[in-house]
Amino acid sequence: MGSSVKQKLKGLGLSLVIFIVIVIFNTLFGAPSIALSGIEKYSGKVSIEEARELGLILLKNKQYPAARAFFNPSAQQGDLGSQLALATLYFYDLTTVNNYQQAYHWFSKNSDNAYAQYYLSMLYHFGHYVPQSPLKSLFWIEKSAAHSFPAAQHNFAVYYFNLGDYSQAYLWALYARGNHFSQSRNLVKQASEHLSLSEKANADQIYRNTKAKHRWDGQSNNQIGELLEQVF
């Protein structure tokens, strides 16, 4: 176990330390997950940062109720990372009553955030809790893509591809591929096959001139980066 994790566990109580060590062991070595009964009572005894990081450990190990217990207090205190993590957990945990309603609540509280904008687009696309709306889905995916969120750039490229605008599809797929979104590799190839040599050359030039503007800054979005490891 790394020294940084050990430091986080200091002063949390022997039972919590044992619980988290078990979770980390399961995560690292692929052991079957076990229910961590009672761990929720410690969620109010750690700092916001510790609660978020412990919640992410529990989320990775699919301990969803315990993860929610750690995310919720820090989310209520306005911690962005915890709010987005809690929203993401609700989005994917179909066993929770009104999960999409809760996901919408927390994502909409952060509607200026590229990650939240992507999921708002997904909620409107599928009609989860909110009425299905292609226009609202497009509105949010465009905003997220403009903020350089890689998955949104890819989906925006897919939108243009389905529309038959292959130059824009190729360009946005290039942005997504440049941000290491692997699914966009095939889309770049597929879109390019619909372009003439001059159209492709023009799009390539636009990409070279604008790629810095559309680069996803993972270092500035490290909290989101931890979530991306869980869901993409």
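**Salt bridges and buried residues**

Visitor: Why are R52 and D79 called buried?
Guide: Buried means under 20% relative accessible area (over 50% is exposed, in between is partly exposed; 1.4 Å probe, protein chains only), and R52 and D79 are both buried. Keep in mind that this is a predicted model, where local features need pLDDT of at least 70, side-chain atom pairs count only at pLDDT 80 or more, and totals for chains, interfaces and linings use all residues. Residues are numbered from 1 along each chain as its sequence is written, and side-chain values use heavy atoms, with hydrogens and water left out.

Visitor: What makes R52 and D79 a salt bridge?
Guide: The term needs a side-chain nitrogen of Lys or Arg within 4 Å of a carboxyl oxygen of Asp or Glu. The closest N and O atoms of R52 and D79 are 2.9 Å apart, so the pair counts.

Visitor: How many salt bridges are there in the whole structure?
Guide: A search finds four. One of them joins D93 and R68, at 2.8 Å from N to O. D93 lies in the loop between α5 and α6 (99-108) and R68 in helix α4, so this pair ties together parts 25 residues apart in sequence. Both D93 and R68 are buried.

Visitor: Why is E193 called exposed?
Guide: Its relative accessible area is 55%, and exposed means over 50%, so E193 qualifies. E193 also forms a salt bridge with K189, the closest N and O atoms being 2.8 Å apart.

Definitions and conventions: Helix = DSSP H or I, 4+ residues; strand = E, 2+ residues; numbered from the N terminus.
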